Amino acid sequence: MVITEIDTVFNNVHAYVREEKYMGYNPYDLFSSPYVYSIFSNTRNLSVALTQIHKISPFNFRRLLGIRKNHNPKALALIISALIENDFESNQNEIKHLINWLLENRSSTYKEYSIGFTFPIKLSFYSSEVNHPSLIITLFVAFCLMDYYEVSKDQDILEVVLSIQSLIETHLPLKEDKNTLCYSYNFEKFSEVYNATAKIGKFYSRLYNITEQDVLLTRIEKILNYLSENQRDDGSWKYIKGKAHSD
């Protein structure tokens, strides 16, 4: 009975996202409005406040502001993983179509693969222009590509995953000592946000299952030590250590 209900929900959601051509609105998409961007993009505090008002507003002003539905790379990555888990063979053409979109719309900032938001984003500790590399979004894409590689053994896809490994090891700030290792949330300067390091730990553990690189085991152990040392007594973590700003 439960499985049937899950299948029904999956099929309904799947039909909806296909009908919408995999596009939608985002809670933080205010600055994809050409009017808002041209007037407020250089006013940091006001930009942050307007973004939050836009996020929680009970009224949808997007059409009035000229905000269009757009693709969200993180959402596409989650959809791909769900389609692979649901029925890889039946969904194969759709999966390839979505993966191709992710590959074709990569960021051009680095030679290694990365991807970011499809709209400018203004938050209190993070801001980004269109398709500037986002570590978190890039990692979600990496996870779906590894899902795809595990069932397809497509070597071209593995090369993209290895390119993301090179991106992290070449461009991402980190702090490391004898026992611990943590990575930055941002590429431009060090910003200590725990979920960034945790997600890289997940990436390395999944990558080890594919490539068996011994160096990854040391990194995973140090990441686990770092997360353990910063875990609260109740089992939780703060979101961010200290203050971090994108400016």
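Here are legends for a handful of close-up views of this predicted model.

Residues are numbered from 1 along each chain as its sequence is written, and side-chain values use heavy atoms, with hydrogens and water left out. Since the model is predicted, local features need pLDDT of at least 70 and side-chain atom pairs count only at pLDDT 80 or more, while totals for chains, interfaces and linings use all residues.

**View 1. Helix 8 and what covers it.**
Let's start with helix 8 (194-211). Helices here are DSSP runs of H or I with at least four residues, strands are runs of E with at least two, and both are numbered from the N terminus. Helix 8 has 18 residues and spans 26 Å from its first C-alpha to its last, close to the expected 26 Å; that expectation is 1.5 Å times one less than the number of residues. Its buried residues are Tyr194, Ala196, Thr197, Ile200, Gly201, Phe203, Tyr204, Arg206 and Leu207. Buried means under 20% relative accessible area, exposed means over 50%, and partly exposed is in between, using a 1.4 Å probe and protein chains only. Covering these buried residues are, among others, helix 6 (135-152), helix 7 (155-171), strand 6 and helix 9 (214-229). Just after helix 8, Glu212 takes a positive phi of about 55 degrees.

**View 2. The largest nonpolar core.**
Nonpolar side chains tend to be buried together in soluble globular proteins. A nonpolar core, as used here, is a set of buried Ala, Val, Leu, Ile, Met, Phe, Trp, Tyr and Cys residues joined through side-chain atoms within 4.5 Å. Which residues touch the most other members of the largest one? Out of its 62 residues, they are Leu102, Ile168, Ile200, Phe203 and Tyr204. Helix 5 (73-104), helix 6, helix 7, strand 6, helix 8 and helix 9 each supply at least two residues of this core. Helix 6 gives the most, with 13 residues.

**View 3. Tyr204 and its surroundings.**
Zoom in on Tyr204, which is buried at 0% relative accessibility. Leaving out neighbours within four places in sequence, Tyr204 is in contact with Gln165, Ile168, Glu169, Tyr183, Leu216, Arg219, Ile220 and Ile223. Contact simply means heavy atoms within 4.5 Å.

**View 4. Aromatic rings in pairs.**
Rings of Phe, Tyr and Trp (its six-membered ring) pair if their centres lie within 6.5 Å; planes under 30 degrees apart are called stacked, over 60 edge-to-face, and the rest tilted. That rule gives 10 aromatic pairs. One of them is Tyr126 with Tyr185, an edge-to-face pair at 5.6 Å centre to centre and 90 degrees between the planes. This pair links distant parts of the chain, 59 residues apart: Tyr126 is in the loop between strand 3 (121-122) and strand 4 (127-128), and Tyr185 is in the loop between strand 6 (181-183) and helix 8. Tyr126 is buried, with a relative accessible area of 7%, and Tyr185 is buried too, at 14%. Another pair, Phe203 and Tyr204, is tilted, at 5.9 Å centre to centre and 40 degrees between the planes. Phe203 is buried, with a relative accessible area of 0%. Tyr126 and Tyr185 also belong to one aromatic cluster with Phe117 and Phe119.

**View 5. Lysines over rings.**
A charge sits over a ring if NZ of Lys or CZ of Arg is within 6 Å of the ring centre and within 35 degrees of the ring normal. Lys202 lies over the face of Phe143, 4.4 Å from the ring centre. The charged end of Lys122 sits over the ring of Phe31, at 6.0 Å from its centre.

**View 6. His54 in helix 3.**
His54 lies in helix 3, which covers residues 44-56. Is His54 buried or exposed? His54 counts as buried, at 10% relative accessibility. Its side chain makes a polar contact of 2.8 Å with that of Asp29. For a polar contact, a pair of N or O atoms must lie within 3.5 Å; within protein, one must be able to donate a hydrogen and the other to accept it, and residues adjacent in sequence count only if both atoms are side-chain atoms. Not counting residues up to four places away in sequence, His54 touches Asn26, Pro27, Asp29, Leu30, Arg62 and Ile67. Ile56, also in helix 3, is exposed at 66% relative accessibility.

**View 7. Two loop residues with positive phi.**
Lys21 is not a glycine, yet has a positive phi of about 60 degrees. Lys21 is in the loop between helix 1 (2-19) and strand 1 (23-24) and is exposed, with a relative accessible area of 58%. Asn131, also not a glycine, has a positive phi of about 55 degrees. Asn131 is in the loop between strand 4 and helix 6 and is buried, at 19%.
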